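Keep the viewer open and follow along.

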Amino acid sequence: MFMWKYFFLYAGTGFLAGFSHNGHPHEARRRPIDGLFPWISALVLVLLLWNFASFGLKWGLVSIAEVLIGAYVGKLLMLRVR
């Protein structure tokens, strides 16, 4: 059964990772949230490992897709906000 709380957890952390990733190391304009990208990425990795250990391969792959969707939306928003 699909649980929406996990969708919002993984899509939300993926969104934060996408939004906080600058992607241009030589860009002159840095934002304060750019410094949080390593911490958010570590949180995403821990959550995904926990999901694979707890729920197995199928739901782990679904969670990876949710993180990627969130990261894509976060990256799009980050590029529009600049």
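Start with α2 and α3, which pack at an angle of about 155°, with their axes 7 Å apart. Axes here are lines fitted to C-alpha atoms, for helices over the stretch in contact, and angles run from 0 to 180 degrees between N-to-C directions. The crossing of α2 past α3 is right-handed. In that scheme, right-handed has the near helix turned clockwise from the far one by less than a right angle, and left-handed has it turned anticlockwise. On the α2 side the contact uses V44, L48, N51, F52 and F55, and on the α3 side L57, W59, G60, L61, S63, I64 and V67; contact means heavy atoms within 4.5 Å. By class, this contact of α2 with α3 has nine nonpolar, three polar and no charged residues. The classes count Ala, Val, Leu, Ile, Met, Phe, Trp, Tyr, Cys and Pro as nonpolar, Asp, Glu, Lys and Arg as charged, and the others, Gly among them, as polar.

A bit of housekeeping before moving on. This is a predicted model, where local features need pLDDT of at least 70 and side-chain atom pairs count only at pLDDT 80 or more, while totals for chains, interfaces and linings use all residues. Residues are numbered from 1 along each chain as its sequence is written, and side-chain values use heavy atoms, with hydrogens and water left out.

Now zoom out. The chain has three helices and zero strands, in the pattern α-α-α along the sequence. Helices (H or I, at least four residues) and strands (E, at least two) are DSSP runs, numbered from the N terminus. The C-alpha trace spans about 45 × 20 × 15 Å along its principal axes. Of the 82 residues, 28% count as buried, where buried is under 20% relative accessible area, exposed is over 50%, and partly exposed is in between (1.4 Å probe, protein chains only). Among contacts between residues at least 6 apart in sequence, 68% join residues at least 24 apart.

Back to α2 for a closer look at one residue. F52 sits in this helix, which covers residues 37–55, and is partly exposed, with a relative accessible area of 29%. Not counting residues up to four places away in sequence, F52 touches L57, G60, L61 and I64. F52 and S63 are eleven residues apart in sequence, yet 8.9 Å apart in space, C-alpha to C-alpha.

Next, bring in α1. This helix and α2 pack at an angle of about 150°, with their axes 9 Å apart. That makes α1 roughly antiparallel to α2, and the crossing is left-handed. From α1, residues Y6, L9, Y10, T13, L16, A17 and S20 meet F37, I40, L43, V44, L47, L48, W50, N51 and F55 in α2. The tally by class is 13 nonpolar, three polar and no charged residues.

What about the remaining pair? Helix α1 (residues 4–20) and helix α3 (residues 57–81) pack at an angle of about 40°, with their axes 6 Å apart. They are therefore oblique to each other, and their crossing is right-handed. The contact of α1 with α3 has twelve nonpolar, five polar and two charged residues.

Two residues of α1 are worth a click. G14 is in α1 and is buried, with a relative accessible area of 0%. Leaving out residues up to four places away in sequence, G14 touches V67, G70 and A71.

Finally, which residues make up the largest nonpolar core? They are Y10, V44, L47, L48 and V67, five in all, and α2 gives the most, with three residues. A nonpolar core is a set of buried Ala, Val, Leu, Ile, Met, Phe, Trp, Tyr and Cys residues joined through side-chain atoms within 4.5 Å. Beyond its neighbours within four places in sequence, L48 is in contact with Y10, S63, I64 and V67.

Methods:
Parallel < 35°, antiparallel > 145°, perpendicular 65-115°, else oblique.
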